[in-house]
Amino acid sequence: MPNSFTDVVKLHYAEETQEKLEKVLTAMDLAGMIEIPNGTTKNLPLIKMRATSNYTKYTNQTIQDVTTGNDQIVINTTPMVTFAMDDLDNDDNYIDVKPEVTSDAAYQIKRRIDGDFFAQVANAKWKYDANGFGRNTTLTSLSPVTLATGGSQNISTVYGKAKAGLTNIGANSTKLALCVDDFQIADLTTLGMETNVSGVADVSYTRGFQGRFGGMPTYGVSTLYATSTLDLATNPSNGDWVDVQGVRFTYVSSLGATAGNVLIGVSADASQQNLVAAVNGAAGAGSTYVEIDADDRARLEGVTATDGTDLVTFASKNGALLAQSSMTNASNDFRAQVIYNVIMEKGAIKMALRNAVKVESAREPKQLVTNYFIYARYGLKVTTRSAERMCVIPVLSQAAEA
């Protein structure tokens with residue numbers, strides 16, 4: 001009977017992926033980590049704040065009741081990377097897939113966790129947009145800020161006043177962190193962001209730490225939440241196309257076999273529904289759209305499209321959409337694209353992360369093939385109190401198409 005090293009291989013992949021994941025996961029620097037050793041749910045009780053009263057000598061006071069509330073964090077997300085290995089690949093070809101597999105697995109799981117982490121900014125209680133500091137109701141109601149550089153730069157004002165708003169309502173200024181899109185890091189550096197910061201662990205730099213700006217540790221994040229809308233006033237023409245994060249979808253009157261082709265429907269709404277299915281990888285491949293290349297599908301992970309009759313709303317958990325279009329009818333185009341920066345107290349977003357990446361394997365019954373499943377488990381929560389320690393800043397990442 002041949003020796004089996006399956007368990008050793010599983011452990012090796014798990015250790016390699018866990019090590020790489022912990023080094024690059026931005027959320028590890030910013031999250032309030034919650035341990036859930038058993039089960040999937042943990043209660044996070046809180047005591048409601050109480051106002052002060054005035055005491056007058058020799059008079060009775062009204063005793064206030066102590067009231068409590070409760071938040072819950074649930075481990076409910078399991079990103080997974082899979083691959084298969086045939087024993088003969090090791091014996092005959094000696095293909096060392098370890099570095100590629102572990103690097104790819106760690107990167108994809110990082111994108112999932114960081115993307116979900118920064119999407120939590122929708123739960124921030126506060127916002128700073130073109131109308132100034134105030135309460136955040138919904139992200140779609142915010143007016144994005146157009147950042148300017150040069151002599152009329154407003155970047156210092158935008159981030160400075162967003163910070164001031166948070167500290168004014170009681171946030172701890174020493175714990176605040178600024179998270180911006182990677183494209184804006186160059187502007188911050190030009191404005192004098194402090195990059196040679198002493199006392200910062202090297203691992204923080206690998207997790208996105210770039211320096212200090214406005215008195216805050218500043219992170220360059222490629223997985224911020226972003227949105228845009230594609231208007232389709234009329235049915236597209238054959239050859240019209242849209243790009244989303246570098247992936248092209250082309251409207252065609254006859255489907256053909258070219259990856260990314262989207263069938264023009266009987267109406268603009270029908271064509272939009274076909275595009276939504278193509279972007280989301282939903283039902284319809286081969287009939288209403290042609291599936292895109294595997295690399296493009298991986299690139300679009302975290303991007304979702306939602307049909308809105310004569311428009312499609314795009315949302316990305318992996319940074320700027322970088323959307324553009326070429327349409328015969330000029331009124332068919334993308335609206336302004338927005339990316340959501342955030343200032344938060346470190347620990348405002350709670351995360352429960354199982355303390356090890358797991359690897360499971362399953363042997364094919366009639367082959368010399370072992371299937372491997374690399375995955376992590378986590379949950380995220382913005383509690384009632386921590387929502388007050390976050391300010392979302394909608395920034396125009398790309399102007400509306402003309």
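**View 1. The second largest pocket of this predicted model has a volume of about 340 Å³.** A pocket is an open set of points on a 1 Å grid over the protein atoms alone, where a 1.4 Å probe fits, with protein on both sides within 12 Å along at least five of seven lines, and its volume is the space filled by probe spheres set on the points. The lining comprises 17 residues, with Leu139, Thr140, Thr227, Thr229 and Tyr340 nearest the centre, where a lining residue has an atom within 4 Å of a point. Strands E10 (226–231), E15 (311–316) and E17 each give two or more residues to this lining, and E10 supplies the largest share, three residues.

**View 2. Strand E17 (residues 337–345) pairs with E22 in the antiparallel sense over eight bridges.** Strands are DSSP runs of E of at least two residues, numbered from the N terminus, and two of them pair if DSSP finds at least two bridges between them. Asn341 has Ile393 in E22 as its bridge partner. Strand E5 (residues 126–129) runs parallel to E22 (residues 390–398), joined by two bridges, and Lys127 is bridged to Val392.

**View 3. Three strands in the order E4-E20-E19 form an open sheet with antiparallel pairing.** Its edge strands, E4 (80–86) and E19 (358–363), each pair on one side only. Six bridges join E19 to E20 (residues 369–375), and Ser361 has Tyr372 in E20 as its bridge partner.

Residues are numbered from 1 along each chain as its sequence is written, and side-chain values use heavy atoms, without hydrogens and water. Because the model is predicted, local features need pLDDT of at least 70 and side-chain atom pairs count only at pLDDT 80 or more, whereas totals for chains, interfaces and linings use all residues.

Technical notes. Helix = DSSP H or I, 4+ residues; strand = E, 2+ residues; numbered from the N terminus.
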